[in-house]
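Student: I have not worked with this structure before. Could we go through it step by step?

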Amino acid sequence: MDAYGRLTPKIIDELASLLGSGGIITEDRDLLENYSWDQAGRIWGHMPDAVVRPENTEQVSSVMKIASRYRIPVTPRGAGSGLNGGAVPLAGGIVMSLERMNSILEIDPINRVAVAEPGVVTNDLCRAATEKGFLYAGYPMSTETSFIGGNFATNAGGGKVIRYGSTRRHILGAEVVLPSGEVINLGGRFRKDTWGYNLLQLLIGSEGTLAIVTKLIVNLEPKPGKTVNLLACYPDIETLVESVSKVINSGKKIISCEFMDRNLVKYTTEYLGCRLPEQERSEGYLIIQIEDDNEEQLEESYEVVGKICMSCGAFEVFVAESRTDSAAIWNVRQNGLEGMRARDPYACSSGDLMVPLSAVPEMLRRISSAGLEWGLEMGIIAHIGDGNIHPIPIKPENMTPEKWAIYSENFFEALIKEAIELGGVGSGEHGVGHVKQHIITQSKSPAELELLRGIKRSFDPLNILNPGKMFFPLGDQQHQCK
Amino acid sequence: MRIAVLVKQVPAVDNVKIDENTGTMVREGVEAELNPLDLHAVEAAVKIKESMPEGYVEITAITMGPPQAKASAAYAVSMGCDRGVLVSDKKFGGSDTLATSRTLAKAIEKLGPFDIILAGERATDGETGQVGPASAEFLNIPALTYVSSIDELNDEYIEVTRSIEGGHEKLRAPLPAMVIPVKEMNIPRLCTLGGKLRAKKTEIPLLNADDLDLDENSTGLKGSATWVINVTYPQMTRQGRKITSSGRLEETLNTILNFLDEKNCLGESK
């Protein structure tokens, strides 16, 4: 077990004088509780001893210097929208919330980058880029809530990965604070940096276990052309899946290819008080977003793609061109989790299976039969163009929430094993946190784990930064659940 | 049965900008779309068609505007209208609601006879809501406004429910009649790929001022009874003060209370 230092009144005074009264929370249990859990659910939470809310890099650095002097664990936190407990302070100590570092510092049109602090809501960054005639192409489906810093920490994916890649592809540079408090700058306002070990890329997706990001330089794409959304309705999942690779390989600019099953659409439209067309007949829907340079080319593109869907067995394809129609379709997709949670507040969101596109049909079959075997009702959404599937099971009525937390994770473990067997991995985009730690760690070879431990040790020899996460359980306990 | 639907192309923005110098709408760089409220009129027409034996109803979508407004008629065709017609001429430029209604009534007469004419409640750019009823007036037919449902329809008459203040009103009118739905009447359908392909193949013919026997004194700027003389925008300023939480609830509340007190907002009750 790691022997961490205690957060004494003296250290708290030291932090308070550094951060000002608004910058630290230590006594108010209700406020502290807000920082004890994330969207994995309260059941996976753990109370911090203090929350610090720095306003700038200097304060982050000073806090880390104090934390390393006294060996206090520090858990960095963005919006708390993560789904695997990545922001939960498992060892207590300090939660470092980056919510007050929320400025978009610059949109630089010449270098086509934006510079932002980690607490900027991703959607605000997207909007600011659009206003200047650019596109920030990172699009986690939680854009309304998630922070760009959290997207960096988890290498967030989302609905446009098939076209633009995950967050990794959009980050050109970062200022980060090391566990020692030292500040380093990686990358910059350039796109070519081909030599040596790429520390920037190593930090993206490291879930705050190696360093704390305090400033990001992100790539902006030129303003996209016109887009249209197709909603293809299928009588069964097999034919739907058959379309996916054909759509992606159609040679057209496919921005998104998203899947929703019947159950998910049913509960989400009930929650939203709306309907999608052909709901009675559809076992599944594909939402396909297509981009092209002008209206004529776009028409030709969606005609080609729509015909592919029809020839694969879709019984109807709808074309949403206007803002209103597009929003009506995407609203259902974006609210899928909320829809399932309106059906059952314990609907579990941590399913994040990733398989090669060719294995998607088999994975969906296995999910379906596992659901029957485990007696679970579920809805399924998927970034199906990537092979990234999110089953969302709901708690059986007679099961306690405590039992459900274990039961659902066991269910996902079983599915992850299936995904790995099919050539995939256990987490596509939700990260590992501590909820998925057990199974993800199991899937790594001893040699790989040793390399990963070596990296962690070289950044964070005292193991104070987000301890207990990813591949490194707290002490010798294998599965943390409080 | 022949149905006409009046549709208009509008800017696809939440707040229409008017050029303060010219008094005309700023269209540059703004995407266009079919007026959202007209979609309910199109949907109503297509629903009538679907409720009747196949081939019994024919729907013509009529749009008036610049050449690019043709897209709105095509959109209505992709939703299920049979034909689309564009009413367009430089001479129509600057038409107010009176001149527009006169022009559209002429087009309806030319393309008619129709049993039912459907129109949207109002356009999201002009927000006048006058063109539907005024066109009915020029055609000398009854106008059924704020229609929330069509209850009965045959070759002789139409029976509808109107939304009125505090309740509903049932009305029967002989055909031909103008019917103007409220948005609660239906949910406009999404266009199908098949509908889009059909619209692509459907020619949208043009009617100009000569086709409608309209001289320049009865349409466009000269045929209008009103002109925009001046447009100004109110200056938007914030006069508030931003109070940032100090992290201590009581302290922050006191700051807010003191501020309200300074502004004499707390009255005697403080």
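Student: What pLDDT does chain B average?

Tutor: The model is predicted, and pLDDT is the predictor's confidence in each residue. In chain B, 95% of the residues score at least 70. The average pLDDT of chain B is 90.

Student: How far apart do the C-alpha centres of domain 1 and domain 2 of chain B lie?

Tutor: Chain B is divided into domain 1, residues 2-207, and domain 2, residues 238-270. The distance between their C-alpha centres is 52 Å.

Student: What is the radius of gyration of chain A, and what does the globule rule give?

Tutor: Chain A contains 16 helices and 18 strands. For its 482 residues the globule rule gives 23 Å, and the chain comes close to that value, so it is as compact as a globular protein of that length. The radius of gyration of chain A is 23 Å.

Student: How far apart are the end C-alpha atoms of helix 8 of chain A?

Tutor: Helix 8 of chain A covers residues 237-248, which is 12 residues. At 1.5 Å a residue, the helix should span 16 Å. The end C-alpha atoms agree with this, at 17 Å.

Student: Within what arc do the buried residues of helix 8 of chain A fall?

Tutor: The buried residues of helix 8 of chain A are A:Leu240, A:Val241, A:Ser243, A:Val244, A:Val247 and A:Ile248. Their cover includes strand 12 (226-234) and helix 10 (295-311) of chain A. Seen down the axis of helix 8 of chain A, the buried residues line one face of the helix, because they fall within an arc of 155 degrees.

Technical notes
Residues are numbered from 1 along each chain as its sequence is written. Chains are lettered from A and ligands numbered from 1 in the order in which they are written. This is a predicted model: local features need pLDDT of at least 70, side-chain atom pairs count only at pLDDT 80 or more; totals for chains, interfaces and linings use all residues. Domain bounds come from an automatic or database domain assignment. pLDDT is the predictor's confidence in each residue, from 0 to 100. Helices (H or I, at least four residues) and strands (E, at least two) are DSSP runs, numbered from the N terminus. The radius of gyration is taken over C-alpha atoms; the globule rule is 2.2 Å times the number of residues to the power 0.38. The expected span of a helix is 1.5 Å times one less than its number of residues. A residue is buried if 20 or more other C-beta atoms lie within 10 Å of its own, exposed if 12 or fewer, and partly exposed in between; C-beta atoms are placed from the backbone. The arc is that of the directions from the helix axis to the C-beta atoms. Two residues are in contact if their C-beta atoms, placed from the backbone, lie within 7 Å.
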